[in-house]
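Hello,

Here is the model we spoke about. Please look it over, then read the notes below.

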Amino acid sequence: MSEKEQVNLTRRNLLGGTAAAMAGLTIAPGIILVETAQAKPKDQPVTDAVRWGILININNCADDCTGCVDACQEENGWGKGSSDESKSRPDQKAQWIRKVKVTDRETGHAKTLPMMCQHCESPPCVDVCPTGASYKRIDGIVLVDKHICIGCRYCMMACPYKARSFIHETLTDQRSYAPRGQGTVESCTMCVHRVDDDQQPACVEACSSTFNSAMIFGDLNDPESKISKELARHGGVRIRADLGLNPGVRYQGIYG
Amino acid sequence: MYIFKLAILTLFLSVTSAQAEVPLPSISKGQGDSCVRATDDMRYNHMDYIQHHRDETMYRGIRTEQDSLKQCVTCHAVKDDDGGYINATDKRHFCSSCHSYASVKIDCFQCHTDTPRSTDIHEPLAQGQ
């Protein structure tokens, strides 16, 4: 290796080290600037170098709080965030994210947790889709291509997390970054439009800025990211891990 | 005499068919000096550009503004007399003005919004709600 290359290598290490240090930069107590090293230009495609995930500590998740659900509705224009679906029954309406109560039958200990698309590494919804509309983006986000979705709802049946909903009614006035239409299936997009813009999903932002800081969003592939460090330190549970789907959404505070 | 009758009939038919013609659409002008591509190119090929960009955005996360439907809707938004945005169900809407003339159904707006709206920018969340 020439001297010049060695110098460049040293420079690269230095820059890499700086970026890693920036990744967890604390702006003020409670507000941490994360994932600054992930900046992606708008004209560049996403890569498989990252795998996005969310870690939810349900011990910090207040039973009566619906901050994540409210933020998702407002951001993506469903439920209270939309004026539509007036004719549908509550169990027919869109549910991108919902609060679920889990109770230990033996001890009676009950907690609530947010449940949404778990963004599996091996998603059953993608396996069963007859048209190829259900797909996993290269960075691990599971989505629906509504242009080719025929609304058969096989994915809804295949999903062990009951994460998807079907739109029964004609909709208007959608968000421009979250198109939704009658006859197609939809679910949590991990706020893919925000992630591509180097922001966190709306639920995570709402939870961390206003409420209980129960959610961490980040790159599971990067050992230096906050989510990976937290998982390495305190661990996390995959719901229905027995299915071997390896979800990108992990939980702390639930056992077996 | 026969030829004369035929000429009268032909003249009559041409006049009635001219009267039955659908009036040409009145197309509103978009914002700015020019479109992202030449107008004649856009007239013929806009659907291909939009569709190509759609797949780039959905599958590869490329979110540039050129050729994005969101940008089309933003630049070509038409307001009515009261200052409200006109929906695609109205023939005064930029897309609908031509599509209704050509009798070509637009599927885009079954899912995509047909007007720009203030909530498209992340105002509420940026302020921390």
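**Chain B: two domains**

The centres of domain 1 and domain 2 of chain B, taken over C-alpha atoms, are 17 Å apart. Domain 1 covers 34-75 and domain 2 covers 78-116; the bounds come from an automatic or database domain assignment.

This is a predicted model: local features need pLDDT of at least 70, side-chain atom pairs count only at pLDDT 80 or more, and totals for chains, interfaces and linings use all residues. Residues are numbered from 1 along each chain as its sequence is written, while chains are lettered from A and ligands numbered from 1 in the order in which they are written.

Chain B has 5 helices and 0 strands. Helices (H or I, at least four residues) and strands (E, at least two) are DSSP runs, numbered from the N terminus. The pattern along the sequence is α-α-α-α-α.

Of the 129 residues in chain B, 15% are buried. Buried means 20 or more other C-beta atoms within 10 Å of the residue's own, exposed means 12 or fewer, and partly exposed lies in between, with C-beta atoms placed from the backbone. Take contacts in chain B between residues at least 6 apart in sequence: 48% join residues at least 24 apart. Two residues are in contact if their C-beta atoms, placed from the backbone, lie within 7 Å.

B:H99 sits in helix α4 (residues 94-102) of chain B. B:H99 is partly exposed, with 16 other C-beta atoms within 10 Å. Leaving aside neighbours within four places in sequence, B:H99 contacts B:V104 and B:I106. B:P25 is 74 residues away from B:H99 in sequence, and 9.1 Å away in space, C-alpha to C-alpha.

**Where the chains meet**

20 residues of chain B are in contact with 26 residues of chain A. On the chain B side, α2 (39-60), α3 (69-75) and α5 (123-126) each supply at least two residues. α2(B) gives the largest share, 4 residues. By class, this side of chain B has 7 nonpolar, 8 polar and 5 charged residues. Ala, Val, Leu, Ile, Met, Phe, Trp, Tyr, Cys and Pro count as nonpolar, Asp, Glu, Lys and Arg as charged, and the others, Gly among them, as polar.

An open sheet of 3 strands in chain A runs in the order β10-β3-β11, with mixed pairing. Strands pair if DSSP finds at least two bridges between them. The edge strands are β10 (215-219) and β11 (249-252) of chain A. β3 (residues 52-57) of chain A pairs with β10(A) in the antiparallel sense over 5 bridges. In that pairing, A:W52 stands opposite A:D219.

The largest nonpolar core has 52 residues. Such a core is a set of buried Ala, Val, Leu, Ile, Met, Phe, Trp, Tyr and Cys residues joined through C-beta atoms within 7 Å. Among those with the most contacts inside this core are A:I54, A:C72 and A:C203. α6(A) gives the most to this core, with 5 residues. A:C72 is in contact with A:W96, A:I97, A:A202 and A:C203, leaving aside neighbours within four places in sequence.

Why is α6(A) largely enclosed by the rest of the structure? Because 7 of its 8 residues are buried. The buried residues of α6(A) include A:A202, A:V204 and A:C207.

A second, separate core of 6 residues includes B:L69, B:C72, B:A88 and B:F109.

Best wishes
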